[in-house]
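This report is written for someone meeting the structure for the first time.

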Amino acid sequence: MYELKLNPRAFDSIISGLKTIEIRAGKCKDSCGQCVCRMQKNQLINFTNTFDGKLLRCIIKRVQHYDSVRKLLETEGTEYTLSSTNDLEKGIKSIHNISDYKERIIKYGVYAIELSPV
Amino acid sequence: MENIQEGIFLSIKPRFVEAIVNGIKNHEFRKYKPKSPVTHFWVYTSAPISCLEYLVTTSQPVEYPNQISKPGLGNLEFDNGLKSSIYAFPINSVYKINPHIPLDKLRQFGFTPPQSFSYTKNQANLIEYIHLNTNLTQIL
């Protein structure tokens with residue numbers, strides 16, 4: 001079972017069904033521990049709300065790798081992937097602004113993880 | 001805020017639960033299917049166990065006369081049309097609920113063992129209780 005942290009807005013959006021796809025940057029070239037590259041359909045993820053520590057369990061319905069955030073958002077759409085905006089350019093900027101995501105995505109790509117709350 | 005859950009509760013007899021856990025049974029056969037697709041079902045093991053014991057992830061059911069075409073308890077009978085059930089839900093992975101939840105506890109949330117199936121969306125308090133008070137360990 002995977003353990004991931006999630007900001008409150010994304011957390012609530014998954015619960016309400018408004019967000020069905022979580023976006024995560026690749027972490028490594030080789031498979032390792034909790035890395036997103038090891039995630040597979042039918043596995044569970046425990047999301048912890050970074051605000052209040054609440055837990056959300058989700059089933060992975062699909063994992064898709066992309067070389068860039070633009071390609072991901074163009075393919076998956078913005079409606080169910082972004083909880084902050086539906087604007088493609090703002091979405092790309094928002095994801096690139098997450099800590100070391102821009103560099104990691106250039107190196108390892110980015111993943112769309114389709115989820116369903118348990 | 002409504003929690004969109006694509007899950008159901010199923011009552012399954014102990015001998016079939018054992019077969020699921022042992023990997024012998026890889027499809028759950030049902031006469032009916034939920035109106036919308038389900039991704040998982042919570043397994044209530046019927047008497048004399050009478051506990052919520054497992055979480056099973058599933059996907060689109062095979063609908064007879066489509067064939068399962070793989071070995072497993074009941075699969076051949078299904079493929080040959082010998083079962084009364086026309087839907088076969090694949091058992092993709094199995095998680096054990098630790099600790100399991102006995103019926104007297106389940107009843108506190110208004111849960112009654114379903115004859116066919118019941119939707120998790122109608123049991124939000126029970127689902128919250130499960131998430132707060134149990135661990136899920138993957139066994140298959």
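How much area do chain B and chain A bury between them, and what share of it is on carbon and sulfur atoms? The two chains bury about 1600 Å², with 56% of that area on carbon and sulfur atoms. The model is a predicted one.

## Where the chains meet

The number of salt bridges between chain B and chain A is 1. In that salt bridge the side chain of A:Lys61 meets the side chain of B:Glu6, with 3.5 Å from N to O.

## A sheet in chain B

Chain B has an open sheet of 3 strands, in the order β2-β6-β5, and the pairing is antiparallel. The strands at the edges are β2 (27-30) and β5 (62-63) of chain B; each has a single partner strand, so one side of each is left without a neighbour in the sheet. In general, strands of a sheet pair through backbone hydrogen bonds, either parallel or antiparallel.

The pairing of β2(B) with β6(B) is antiparallel and rests on 4 bridges. Here B:Arg30 stands opposite B:Tyr87 of β6(B). On the other flank, 2 bridges join β5(B) to β6 (residues 87-90) of chain B, again antiparallel. B:Val62 stands opposite B:Ala88 in β6(B), and B:Glu63 has B:Tyr87 as its bridge partner in β6(B).

Which way do the residues of β6(B) point, and are they buried or exposed? B:Tyr87 and B:Phe89 point one way from the strand, B:Ala88 and B:Pro90 point the other way, and all are buried.

## Backbone details

Most residues other than glycine have a negative phi, and most peptide bonds are trans. Some places in this model depart from that pattern. The peptide bond from B:Ala47 to B:Pro48 is cis, with omega near 10°, and B:Pro48 sits in the loop between β3 and β4 of chain B. B:Ser50 lies in the loop between β3 and β4 of chain B and has a positive phi, near 50°, without being a glycine. With a relative accessibility of 18%, B:Ser50 counts as buried, because buried means under 20%.

B:Tyr64 and B:Pro65 are also joined by a cis peptide bond, with omega about 15°. B:Pro65 belongs to the loop between β5 and α2 (75-79) of chain B. In chain A, A:Asn42 has a positive phi of about 80° although it is not a glycine. A:Asn42 is found in the loop between β2 (21-25) and β3 (44-49) of chain A, and A:Asn42 is buried, at 13% relative accessible area.

## Salt bridges

Over all chains, the whole structure has 9 salt bridges. One of them pairs A:Arg62 with A:Glu76, the closest N and O atoms being 2.9 Å apart. A:Arg62 lies in strand β4 (residues 55-66) of chain A and A:Glu76 in helix α2 (residues 69-76) of chain A, so the pair ties together parts that are 14 residues apart in sequence. A:Arg62 is partly exposed at 28% relative accessibility, whereas A:Glu76 is buried at 17%.

A:Arg62 also forms a salt bridge with A:Glu114, where the closest N and O atoms are 2.9 Å apart. A:Glu114 is in strand β5 (residues 110-117) of chain A, so this pair with A:Arg62 in β4 of chain A ties together parts 52 residues apart in sequence.

Elsewhere in chain A, A:Asp100 and A:Arg104 form a salt bridge, with the closest N and O atoms 3.2 Å apart. A:Asp100 is partly exposed, with a relative accessible area of 33%, while A:Arg104 is buried at 17%. A network of salt bridges links A:Lys19, A:Glu22 and A:Arg24.

Methods
Residues numbered from 1 in each chain as written. Chains lettered and ligands numbered in written order. Predicted model: local features only at pLDDT ≥ 70, side-chain atom pairs only at ≥ 80, totals over all residues. Heavy atoms only, no water. Pairing = 2+ DSSP bridges. Buried < 20%, exposed > 50% of the residue type's maximum accessible area, 1.4 Å probe, protein only. Buried area = accessible area lost by both parts, 1.4 Å probe. Salt bridge = Lys/Arg side-chain N within 4 Å of Asp/Glu carboxyl O.
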